[in-house]
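Reader: I am new to this structure. Can you walk me through how its parts meet?
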Amino acid sequence: MTSVHATTPSGFLLVLAVILPVCAVLAIVACGPRSAARIAMTTLAAGLAVAIAIAMELVAGGTALSYVVGGWQPPLGIALRADGLSGAMIVMTALVLGAVGLFARSQYALHDGGGAGRAQTTFWILLLALASALNATFVGEDLFNLYVALELLTFAAVPLVCLDGRAETVKAALRYLLFALLGSLLYLLGTGLIYGQYGTLDLLALSQLSREDPALSAALALMIVGLLAKAALFPLHLWLPPAHAGAPAPASAVLSALVIKAPVFLILRLVLDVAPPQAAAVAGQMLAVLGAVSILFCSVMALRQARLKLMIAYSTVAQIGYLFIVFPLAAGSADLPPWSTIAWTGGALQLISHALAKSAMFLAAGVVYEAFGHDRIADLRGFGRVLPISAAAFGLAGLSLMGIPPSGGFVAKCLLLTAAVAEGYPWLAATILAGGLLAGGYVFRVIDKALANPAAPIVVQRAVPRRLEIVALALAAAAVMLGFLPLRPFEFLQIGRSGVSMAGLP
Amino acid sequence: MTASGLVLVAALLFPLALAAGCLSERLRARALGVLVLAPLPALAAALLVPDGRFALFPAPFRLTLVLDRPGAILLGGAALLWSAAGAYAASSMARDPARSRFAIWWLLTLAGCLGLFIVGDVVNFYLLFTLASLAAYGLIIHEQSAAAHRAGVIYVVLALLAEAFLLIALVMLAATYPDANPQIRSVVANLSGNPMRDGIVALFILGFALKMGLVPLHVWLPLAHPAAPTPASAVLSGVVVKAGVIGLIRFLPFEAGMPVWGGVLIGFGIITAYYGVIVGVTQRRAKTILAYSTVSQMGLLAVLLGVGLDAADPAATELTAYYAVHHTLVKGALFLGIGVLGATGGRRLGLVLLLTAVLALSLGGLPLTSGALAKLATKPMLGYGWIAGAMTMAGAGSTMLMVHFLLTVRNDTRDNPAASPPRGQLVPWLTVTAASLIIPWALYPIVSGEPVAGLLQPAALWKVAWPMLLGAAAMLILLRFPRRLGAIPEGDIVELAGAGEPLVRRASDRVGDVDAHLRRWPMAGFGLIALAILLGGALMLRA
Amino acid sequence: MTAVLQPGVLFGLCGAVLVGIGLFAIVTHPALLRRIVGCNILGAGIFLVFGAVARRGAGAGLDADPVPQALVITGIVVAFSASALAVALLKRLSELSVGEGRAAEPAAPRSET
């Protein structure tokens, strides 16, 4: 087999992105819980620097970064590779993790005065493990390596759900773990079938080798559906609402914003890079149907929720749906590859702006919970008076979810709508609009409460420091700022894509 | 950038800058005081900037501002009303505990509304439309009563619906366009070549009709206007509804014409004009009567636009703007007048009532007032067919409604203790009243191209006077049926929507049941396997 | 008949049977412990499939393709960790249930569905 990968000069950055958090975990174990927060925050900052360095290298070089581990070429060796989309994911991950880290640090300082509780140390270790696993997913090129990264991600995410150790959260975590395990085992089975057929698991090599055959069809079906279980797309969303609503606010934020994006990212790569064109079209149609149902059904469910965090969790399932309706819209054509379509940019932008907006929302909800000791929407009348910054953060994040200008969500939905109209998918256009209306409904329900006059003077259980609220506001503002991107295909997301052969194209 | 460009930019950015300034505690405390200043750059732009001037912003803002004659006419009237209503609010709400919040919503709505009249590109039009729509919610719910929240919810639902219609229409309009943010003028000029043009126009009419309040999409007006504080009602009824008018002016192809859709607009307009009158005369509250009068007047504006679209007559947009500015000033003055009347008693009451009567009857076309001018200016365009007849009779209807309004306010103020209104409220009201009486005279020769002298001919006076007399006579007959009062609840058909509520609730519960079912472990497990088999089967069949 | 008895095919078929049993156990059994065991059976089946793949891929004069074997070893480690985590959570859940005096069967708390 000819070598498809060659280490680029700055390829070591990819290794750094994966390894750095792991080293930090070891350092925490070595140095003890006292310095956990400090080490974690330093590492998250360094991770952000690495992420920005990767993005700058991508922009400067205009091609993907690669690293072949140990100089062993696939199929025996493992390659890491970051193109524009991966770069964007890595930067987004580093940003959200950094913000969540700041939030968590202030929140823990609030509770045990900066002391090092066991839950706190666990949180920092898990957060770092999450960072490593996410980066590994975004730069991985080997399907089995990706399986390991996904499992690491699950193992880091599951304990985050039950960090407070209450029976209901442990139950939610177990349910999450088992369903995710089922999903990843299906994925593993698919990996085995692909190896049996092609003798390699390297995505780049597969994109050149793959052809229509039953083994590949079965493998793709198993892998995609397995990943769907981890992404919690309707009707496989059973585990998400209790898990995301039960977790502590910073954990919910990373779970909703980042963790479920990793399987979505892999599905995108499977469908666009590995699947032959006909199969990609079929899978895309089916995923779009599921995505559309997810948007409508789970938005209604979000409207029905009485608790703020459950509402946000259902909204996550709904918003994930938008990422799946991208598939048929970004199908591309002979002279317009998928990554040059506006739907590709729209999808990526939806992914990123949802990550920012949803983490802001969960953090704001965390502040509300911290201040009031509950998150029943009906009893939150006038919370905007007490927590104006959090209410503003929630509102701004809501604007992005609803797709109201100027916000990243608006640009994303506008691009997807344009693609739906131009490609002739009126039912998808209608779904996008209806989803926006329903999102308006559930966001507005909370905003209306925030602006209302409190029935009785508001009793705040605990004064919440400004810092916590500012973090949420900053994330929400970032989601809004994305709205200043131009309404056309974004070049950064296309970097390194043309290196992949036109597997998804006729 | 030229001086006129700078003024245009200031018209949009000055209110936004004031709103941003409210982030500081100090400025927020006196935010109410600056409301009167906020629209002044826009007023200056309307008065000083010559037609056709524009200002461009490069990426990433991609903003184009352009002033044409309909835009300038609407902008001037709206800015004047915003300024006067702001001054009124500074006096009437000075002791409101939530006044700074009110001021922020006010500034945002103002920036959106005024910006709409001058924005020239598609994306920023949508942005400002959204800003104006959503920020107005803060004005509607300001009083925090249950009625205000109900009105607010209904308003937001309809506003979001309008947004959705507009968004898809704009996307369909610009989808085939190479530039991501084209100029409104150029996309509309190319509309006739668009294969989806009928859908686009239908969605535009639907979206903007929601904002204007054309029947049956008018339900938010009679709920929101009475619920809001008086100065807010004045701008809601005077300016915010005009966002729909400017939208239709901008996005309908008046150059090319579309007879079918012109006919649709005419039809909806006439229905709305009469419907507003019929429901209005059954109302008890003065503000609600005015809100229904606004519904009726918006119907008349829709007819004017429809006629223009039918005849491919771009001049119709100017005449519509002229009619609209008359309505802006008169309706604004009437709403402020309700507040002034409430604070007046004794000797002065008669004088205030007299001025109110002049204003109110102006809507019906009282000779020599702006209403008569607006009707005379639009007469030639309407011709002598059934549409002209229907419009004349609608004028009679407006008179009926306004007589009803006058009787209602006289009744309401009968027992007022002797007092004179605060100067801070009286002066703005008088300013708008004076403006409504004077400005249309100044604009008449520009818009209609005829000298003012023609307006003083007895024939012209009679043309507008007889429908008024007819309307007044009809109202006198109607007064014999007092049981009509309260026969139709405020918001009329929204009550019918209430009947659908159990259905919606049941459907929603059904969704909840399905979700609970799907989220059971065995169900989800089988779902997972079934999906895998389904997808695998589909892939293999295709392979 | 001889084709069936070839080790690769036999491994593959056994793997498929185990996958079926595992899936059935995971989906239908309400007891959480049995679901965890089901996951392990499913995992074992998948590793057998890998073994079959390794056997089939041994065309180049080798006894077996080494890559799938390396994958299986890694996979077993991952699956072991998963089981450990699941069992730890289950143990925690049963302790909590006992603590609250609610669980009728502490050893294997049933999921609510």
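Reader: What distance separates the centres of domain 1 of chain B and domain 2 of chain B?
Author: This is a predicted model. The centres are taken over C-alpha atoms. For domain 1 of chain B and domain 2 of chain B, the separation is 23 Å.

Reader: Where do the domains of chain B run?
Author: The bounds come from a domain assignment. Domain 1 of chain B covers 1–234, and domain 2 covers 257–485. Domain 3 of chain B is 503–542.

Reader: How many residues of domain 1 of chain B are in contact with domain 2 of chain B?
Author: Take the two sides in turn. Domain 2 of chain B puts in 42 residues. On the side of domain 1 of chain B, the count is 31 residues.

Reader: Which helix gives the largest share of the side of domain 1 of chain B that touches domain 2 of chain B?
Author: α5 (69–92), α10 (197–212), α11 (220–227) and α12 (230–240) of chain B each supply at least two residues of that side. By class, the side has 22 nonpolar, eight polar and one charged residues. The largest share is 15 residues, and it comes from α5(B).

Reader: Within chain B, are α15(B) and α16(B) roughly parallel or antiparallel?
Author: Helix α15 (residues 286–310) and helix α16 (residues 315–342) of chain B have axes that come within 10 Å. Those axes cross at roughly 175 degrees. Angles over 145 degrees count as roughly antiparallel. Therefore α15(B) and α16(B) are roughly antiparallel.

Reader: How many nonpolar residues does the contact of α15(B) with α16(B) have?
Author: Contact residues of α15(B) include Leu290(B), Leu301(B) and Leu304(B). Among those of α16(B) are Tyr323(B), Leu334(B) and Phe335(B). The contact also has six polar and two charged residues. Its nonpolar count is 13.

Reader: Turn to chain A. What distance separates the centres of its domain 1 and domain 2?
Author: Chain A is divided into domain 1 (7–141) and domain 2 (142–489). The contact takes 34 residues from domain 1 of chain A and 40 residues from domain 2 of chain A. Taken over C-alpha atoms, their centres are separated by 21 Å.

Reader: Which element gives the largest share of the side of domain 1 of chain A that touches domain 2 of chain A?
Author: β2 (79–82), α3 (84–112) and α4 (118–139) of chain A each supply at least two residues there. The residues of this side divide into 26 nonpolar, six polar and two charged. The largest share, 15 residues, comes from α3(A).

How values were computed. Residues are numbered from 1 along each chain as its sequence is written. Chains are lettered from A and ligands numbered from 1 in the order in which they are written. This is a predicted model: local features need pLDDT of at least 70, side-chain atom pairs count only at pLDDT 80 or more; totals for chains, interfaces and linings use all residues. Axes are lines fitted to C-alpha atoms, for helices over the stretch in contact, and angles run from 0 to 180 degrees between N-to-C directions. Helices (H or I, at least four residues) and strands (E, at least two) are DSSP runs, numbered from the N terminus. Angles under 35 degrees count as roughly parallel, over 145 as roughly antiparallel, 65 to 115 as roughly perpendicular and the rest as oblique. Two residues are in contact if their C-beta atoms, placed from the backbone, lie within 7 Å. Ala, Val, Leu, Ile, Met, Phe, Trp, Tyr, Cys and Pro count as nonpolar, Asp, Glu, Lys and Arg as charged, and the others, Gly among them, as polar. Domain bounds come from an automatic or database domain assignment.
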